[in-house]
Amino acid sequence: MEAGITLGTNSAEEKAAFIARAGELLSDLLGPLPRGGVALHELHPESYGYRGVTQFDYYRRTTDVPAVTAGESGSLRGPLSPSPTR
């Protein structure tokens with residue numbers, strides 16, 4: 001199973017919990033799997049979006065946050081993630 005999430009919106013604990021629950025769901029639905037896994041792909045908010053709007057632009061518009069330059073690094077928590085779980 002693979003899932004895409006926006007970079008910086010979930011803690012390590014939230015991601016681990018998702019992976020554990022998704023693994024349980026797979027086993028419940030399909031039975032014991034000899035090899036099965038869960039992959040979370042963290043996508044930068046400038047590279048991921050819905051209905052033609054990137055996550056970065058969506059959160060910037062809804063929170064009126066100034067743009068972050070491409071060279072900035074670190075966590076994208078805060079104004080870009082009003083809800084820590086998605």
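Reader: Is Arg51 buried or exposed, and how is such a word to be read?

Author: The words rest on relative accessible area: buried means under 20%, exposed over 50%, and partly exposed in between, with a 1.4 Å probe and protein chains only. Arg51 has a relative accessible area of 87%, so Arg51 is exposed. The model is predicted: local features need pLDDT of at least 70, side-chain atom pairs count only at pLDDT 80 or more, and totals for chains, interfaces and linings use all residues. Residues are numbered from 1 along each chain as its sequence is written, and side-chain values use heavy atoms, leaving out hydrogens and water.

Reader: Where does Arg51 lie, and what is its phi?

Author: Most residues other than glycine have a negative phi. In Arg51, phi is positive, near 50°. Arg51 belongs to the loop between strand E3 (49–50) and strand E4 (53–54); helices (H or I, at least four residues) and strands (E, at least two) are DSSP runs, numbered from the N terminus.

Reader: Which residues of H2 are buried, and where do they fall around the axis of the helix?

Author: The buried residues of H2 are Gln55, Phe56 and Tyr59. They line one face of the helix, because they fall within an arc of 100° seen down its axis; the arc is that of the directions from the helix axis to the C-beta atoms.

Reader: Which strands do the buried residues of H2 pack against?

Author: Contact means heavy atoms within 4.5 Å. The buried residues of H2 pack against E1 (2–6), E3 and E4.

Reader: How is Asp57 classed?

Author: Asp57, in helix H2 (residues 55–63), counts as partly exposed because its relative accessibility is 21%.
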